[in-house]
Amino acid sequence: WAVVKADAYGHGAADSAGAALDAGASALCVVTAQEGAALRSRFPESRILVMGPLAEGEEALAREARLEVALSRPRIPDGLRVHLKVDTGMGRWGMAPEEALALPREQVVGVMSHLATADEEDDSFARRQIERFREIVAAFPGVQAHLANSAAALRFPEARFDAVRCGIALYGLSPFGDDPGRHGLEPVLAWRS
């Protein structure tokens, strides 16, 4: 899944989304409902996931634009396809596993979390988060599971589950702050003068 938040990290959201979809991405990820709605007119049939919490009054916009939304709190808005964001240790925007397990499943199309330290040298915490997530996923058979960001997609094959949410690596930058070529990455943008 292509993360095109923040105007695709300054690369142009619509152009980057089009290139990613043409190259085989099966979904687009943004942070706000406004970002998702802006992409909807250009990509009417694509899956678009809003990963950040909806602001006051954005539920209607998300419904109208047919966006999928990540839920960090255990309240499922009417008429939206949702991904339950479960906190596996990062401590940012996520519900407790017990809260997720208690929710009705009719509108749930995904279960997700976010790795706090996938880009750090010490991988012990990331591995604990992956195992916690695996336990949660087992309770949601048939629901799409996604955990890996760019760093985890490159470093932890076991974190890939059903989809990966690649961001910075899509643009040819290393999530580890080293030479992108070490990971087979090539920058997609260059400035020449």
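**View 1. A nonpolar surface patch made by Val-188, Leu-189 and Trp-191**. Together these residues show about 410 Å² of accessible area (Shrake-Rupley, 1.4 Å probe, with only the protein chains shown counting as cover). A patch here takes residues with over 30% relative accessible area and no salt bridge, joining nonpolar side chains within 5 Å and like charges within 9 Å; a salt bridge puts a Lys or Arg side-chain nitrogen within 4 Å of an Asp or Glu carboxyl oxygen. Val-188 sits in the segment after H7 and, at 53% relative accessibility, counts as exposed (over 50%; buried is under 20%, partly exposed in between, 1.4 Å probe, protein chains only). This is a predicted model, so local features need pLDDT of at least 70 and side-chain atom pairs 80 or more, while totals for chains, interfaces and linings use all residues. Numbering runs from 1 along each chain as its sequence is written, and side-chain values use heavy atoms, without hydrogens or water.

**View 2. Arg-182 and its polar partner Asp-178**. Their side chains meet in a 2.9 Å polar contact (an N or O pair within 3.5 Å, one able to donate a hydrogen and the other to accept it; sequence-adjacent residues count only if both atoms are side-chain atoms). Arg-182 is in the segment after helix H7 (150-155) (helices are DSSP runs of H or I, at least four residues, numbered from the N terminus). With 64% relative accessibility, Arg-182 is classed as exposed.

**View 3. Around Leu-84**. Beyond its neighbours within four places in sequence, Leu-84 has contacts that include Leu-71, Met-95, Val-111 and Phe-140 (heavy atoms within 4.5 Å).

Technical notes:
Helices (H or I, at least four residues) and strands (E, at least two) are DSSP runs, numbered from the N terminus.
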